[in-house]
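Please take a look at the structure below.

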Amino acid sequence: MSHLRAVPSAPTPPSRSGSATSVRVEAPGKVNLFLSCGARGADGYHPLTTVFQAVRLIETVTARRQAVGARGRVTLTIEGGPPGLPVDERNLAVRAALLLARTTGVREGVDLLLRKRVPVAGGMAGGSADAAAALVACNQLWGTGLNPAELTGLAARLGADVPFPLLGATAVGHGRGDDLSPLMTRGTYQWVFALAHEGLSTPVVFARFDELAAAAGRAPVTREVPGALTAALRTGDPGALAPALHNDLQAAAVDLRPAIAEVIALAERAGALRAIVSGSGPTVAALVPEAATAMRVCRALTASGLVSGTVRADAPVAGAREVG
Ligand code: ATP
């Protein structure tokens with residue numbers, strides 16, 4: 001039976017003890033149910049209105065205390081994901097641990113183990129989920145005691161998409177997408193994600209968005225979240241949500257990667273209620289009514305050879321939280 005979901009859970013409250021030898025934290029990837037993008041501002045950022053939904057594609061970060069005498073470094077080991085992901089300061093999980101240490105004056109290091117399940121460079125904020133999980137895990141391990149609002153402040157400094165995986169569930173994002181307000185939703189939604197053979201860079205997609213707007217001679221403006229979308233989320237009916245899904249970045253992603261349009265059409269022909277580009281793409285998110293359709297959509301996409309794989313996930317799920 002469906003039920004109304006209350007405001008999503010806040011990040012795990014940190015203990016001040018810092019006595020554990022290891023802390024494991026899970027954080028979700030996301031899909032954008034709605035994304036409206038304005039013109040690039042003088043600061044280089046595009047003003048956004050977006051609706052995030054946290055999906056059950058879960059990143060896990062385990063933070064381990066280092067042996068006494070270790071040099072206070074932050075190390076990272078990655079399981080899963082494609083080879084070649086950075087394990088130094090270019091990795092958002094490492095940056096998160098370093099920022100927390102610097103802000104709180106911690107001199108201890110940490111060994112991070114990251115288990116990746118969110119597709120990389122897929123528009124599903126996997127790196128941001130890793131940063132959110134690392135913040136919560138290190139805050140607990142080190143006993144630094146930052147409260148959820150303080151963690152959210154650090155998250156926003158790491159990237160516009162980092163605060164949302166701390167919060168989870170479903171939320172509206174304004175500004176760069178990091179000014180969040182939780183949304184009340186009912187029920188569970190079933191998604192099929194069509195994974196691309198190759199990722200798309202978020203800045204490249206935004207640049208193409210600018211070029212397409214300039215070529216059309218219009219200055220894009222951010223729209224507010226349509227009432228039809230918030231009303232649909234309160235019904236829990238995927239059939240009502242489907243027509244309200246929207247992504248202003250879709251045209252740019254399709255322009256860069258025309259096969260995305262074929263993937264969308266194929267998913268919808270196979271029974272998806274609606275398929276859209278997730279965030280800046282190239283992952284396509286197909287909303288399905290139930291499990292049998294999900295399987296049909298997965299089979300059709302896999303047989304087409306247009307995708308590198310498919311993955312099913314339900315949503316919404318909670319934000320970054322300690323497990324085990
Ligand atoms: P978004 O949806 O927020 O635009 P994305 O999901 O498209 O992000 P990510 O997978 O988060 O993209 O990361 C894109 C790039 O960032 C990768 O190609 C990689 O080089 C770098 N990166 C930094 N930290 C991570 C991380 N923890 N996991 C994956 N990639 C990372």
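This is a predicted model. The ligand has 20 residues around it, and those that come nearest are Ala121, Gly127, Asp130, Asp161 and Thr202. By type, the shell around the ligand divides into seven nonpolar, eight polar and five charged residues. Helix α2, which covers residues 126–141, gives the most to this shell, with four residues.

Where does the ligand sit? The ligand is found in the largest pocket.

Next come the polar atoms. Lys116 has an N or O atom in its side chain that is 3.0 Å from a nitrogen atom of the ligand. A polar backbone atom of Gly122 is 3.3 Å from an oxygen atom of the ligand, and for Gly123 the distance from a polar backbone atom to an oxygen atom of the ligand is 2.8 Å. The ligand taken alone exposes 620 Å², and the protein buries 77% of that.

Gly29 belongs to strand β2, which runs over residues 22–37. Is Gly29 buried or exposed? Its relative accessible area is 0%, and buried means under 20%, so Gly29 counts as buried.

Methods: Residues are numbered from 1 along each chain as its sequence is written. This is a predicted model: local features need pLDDT of at least 70, side-chain atom pairs count only at pLDDT 80 or more; totals for chains, interfaces and linings use all residues. Side-chain values use heavy atoms; hydrogens and water are left out. A residue is near a molecule or strand if one of its heavy atoms lies within 4 Å of it. A polar contact is a pair of N or O atoms within 3.5 Å; within protein, one must be able to donate a hydrogen and the other to accept it, and residues adjacent in sequence count only if both atoms are side-chain atoms. Accessible areas come from the Shrake-Rupley method with a 1.4 Å probe; for residues, only the protein chains shown count as cover. On a 1 Å grid over the protein atoms alone, a cavity is a set of points where a 1.4 Å probe fits but cannot get out, and a pocket is an open set with protein on both sides within 12 Å along at least five of seven lines; lining residues have an atom within 4 Å of a point. A molecule sits in a cavity or pocket if more than half of its atoms lie within 2 Å of its grid points. Helices (H or I, at least four residues) and strands (E, at least two) are DSSP runs, numbered from the N terminus. Ala, Val, Leu, Ile, Met, Phe, Trp, Tyr, Cys and Pro count as nonpolar, Asp, Glu, Lys and Arg as charged, and the others, Gly among them, as polar. Buried means under 20% relative accessible area, exposed over 50%, partly exposed in between (1.4 Å probe, protein chains only).
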